[in-house]
There are 2 protein chains.
Amino acid sequence: MCDSCVMRSVAGALGRRGVLAAMAASAAALSVQPAAAQAVRSAPVHRVVDLTHTLRPDFPTFGGTPAFEMEQAMVLARDGYNVMKFTYYEHVGTHFDAPIHFAADGATVDRIPAENLVCPLVVLDVRAKAEADPDYQATPDDIAALERQHGRIPAGACVALNSGWDARANGPGFRNASGNALRFPGFRPDVAPLLIERNVASVAVDTLSLDHGGSTSFGFHKAWLGSGRWGLECVANLGALPATGATLVAGAPKVAGGTGGHGRVLALV
Amino acid sequence: MCDSCVMRSVAGALGRRGVLAAMAASAAALSVQPAAAQAVRSAPVHRVVDLTHTLRPDFPTFGGTPAFEMEQAMVLARDGYNVMKFTYYEHVGTHFDAPIHFAADGATVDRIPAENLVCPLVVLDVRAKAEADPDYQATPDDIAALERQHGRIPAGACVALNSGWDARANGPGFRNASGNALRFPGFRPDVAPLLIERNVASVAVDTLSLDHGGSTSFGFHKAWLGSGRWGLECVANLGALPATGATLVAGAPKVAGGTGGHGRVLALV
């Protein structure tokens, strides 16, 4: 799709205010980056891979304290049906980071257009490096090596970091705390401008944070979400996917004013 | 896929207990019906249709009292990032009904296999009848007429009732209360055995209940969820879809022990 077509598409999704902001600054946090221009998917779908961990009250959190509670509010034998009541902080389990999570004027999760949630999924495998170094940060060189092997990352894609950390999600090795610091892999901040230059729409990690566990400045979060893009944390099963060719279907919760939150994340292969 | 292959697939998803139950009774509520046997989708995907209403604290509920609260728990300027805290009853906004919602030994929402959440979507248009009669219940004759025009409903499909009620979701006309009774369309209970005979996997409505608003016995809910199948309520935008040919991607929340809950629901066309 030509640039002007993209702008018209964005105009439809965001209205005049969004277009003006997007025209004024390509990294405007208020807008959300458009999806890929071509057909959403042209190949047949043969299988569905669940990238979602089961959310339980004891699912590990970045802060280390439980963030999800549930109680049975209605009981079948007494009330005629079963209903649970949830109390939780949005960023728990397999969950989304909307731009507003780290950007004052960023888009809330309900403003991510639906077409942006279905996109090509590119998997960057750093499992060997992460096993050798739990503080590993994916670098621009890792992206370059991926592209040499699998071709240029398409505009509108989601780039997912497979560190192998999903296997630790049910134990203390997920946070991997050492004193006050957490130790797990993430994206190095200088990967953000490279992926923004590719017009990538979103990133995903299989750890608790887009930044590595030892980060105190959240440099990747700020650059990425601040550019109007969104992220996924605590995804599972990236090892079941090819490096390219899968389609992400990211079930972002559609809550007015939400900053992210738990949602079902599937891949079509 | 052959029947034995389906059983092996179900075995993988549910384990020995689930398989034995499924073998013992085809309508066992503990198991969840398998997805269609053939390729998930063979046609290209050209667009994404969002079937999800935006969830707000004032979104109408079946009981008439607000069921979703949110407050800002972390504030960017003070804490370094924005996070909301949610408190809600699962069955609010565009949401899922897992079998356990109405069946004592029914599957919880996390046990619906991922491959079951991506399926052919068949839309039954009863808008004219619902406009003439807000108590309208879709009948086996409606299903027969649909099949005469569009062919037999495929196994593993989701059948969605388009009553046009999604346009009312932001006002009192959605519940449409008249005295103590609600008045909105739904599925008549005797549609359940017909769709079960077709091995349909799920149903969706654009109203607050699978049963019509005036139901006090919840006959469709009990038959449908009691057979190990799941449902979707308060979906939007069914009018933007063809009667057949779309693929549902239903983002059920993956919460251990959940009875359903809000999730993003998309259609691929």
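**The interface between chain A and chain B**

The contact (heavy atoms within 4.5 Å) takes 56 residues from chain B and 56 residues from chain A. This is a predicted model: local features need pLDDT of at least 70, side-chain atom pairs count only at pLDDT 80 or more, and totals for chains, interfaces and linings use all residues. Residues are numbered from 1 along each chain as its sequence is written, chains are lettered from A and ligands numbered from 1 in the order in which they are written, and side-chain values use heavy atoms, with hydrogens and water left out.

Start with the area. The two chains bury about 4,900 Å² between them, 65% of it on carbon and sulfur atoms. Buried area is the accessible area (1.4 Å probe) that two parts lose on being put together, summed over both. In chain B, the residues that lose the most area to chain A are Phe86(B), Lys254(B) and Arg264(B), together 16% of what that side buries.

Now the charges. Side chains of opposite charge can pair when their charged atoms come close. A salt bridge here puts a side-chain nitrogen of Lys or Arg within 4 Å of a carboxyl oxygen of Asp or Glu. The rule finds two across this interface. Lys254(B) meets Asp50(A) at 2.9 Å, N to O. Lys254(A) meets Asp50(B), also with 2.9 Å from N to O. Lys254(A) sits in the loop between strands S13 (246-250) and S14 (260-262) of chain A, while Asp50(B) lies in strand S1 of chain B. Helices (H or I, at least four residues) and strands (E, at least two) are DSSP runs, numbered from the N terminus.

Next, the strands. S3 of chain A (residues 83-89) and S3(B) run antiparallel, joined by five bridges. Strands pair if DSSP finds at least two bridges between them. Phe86(A) has Tyr88(B) as its bridge partner in S3(B).

Finally, the rings. Rings of Phe, Tyr and Trp (its six-membered ring) pair if their centres lie within 6.5 Å; planes under 30 degrees apart count as stacked, over 60 as edge-to-face and the rest as tilted. The whole structure has 25 aromatic pairs over all chains. In one of them, the ring centres of Tyr81(A) and Phe102(B) are 5.6 Å apart and the planes stand at 35°, so the pair is tilted. This pair crosses between chains: Tyr81(A) is in the loop between helix H2 (76-79) and S3 of chain A, and Phe102(B) is in the loop between strands S4 (95-97) and S5 (118-125) of chain B.
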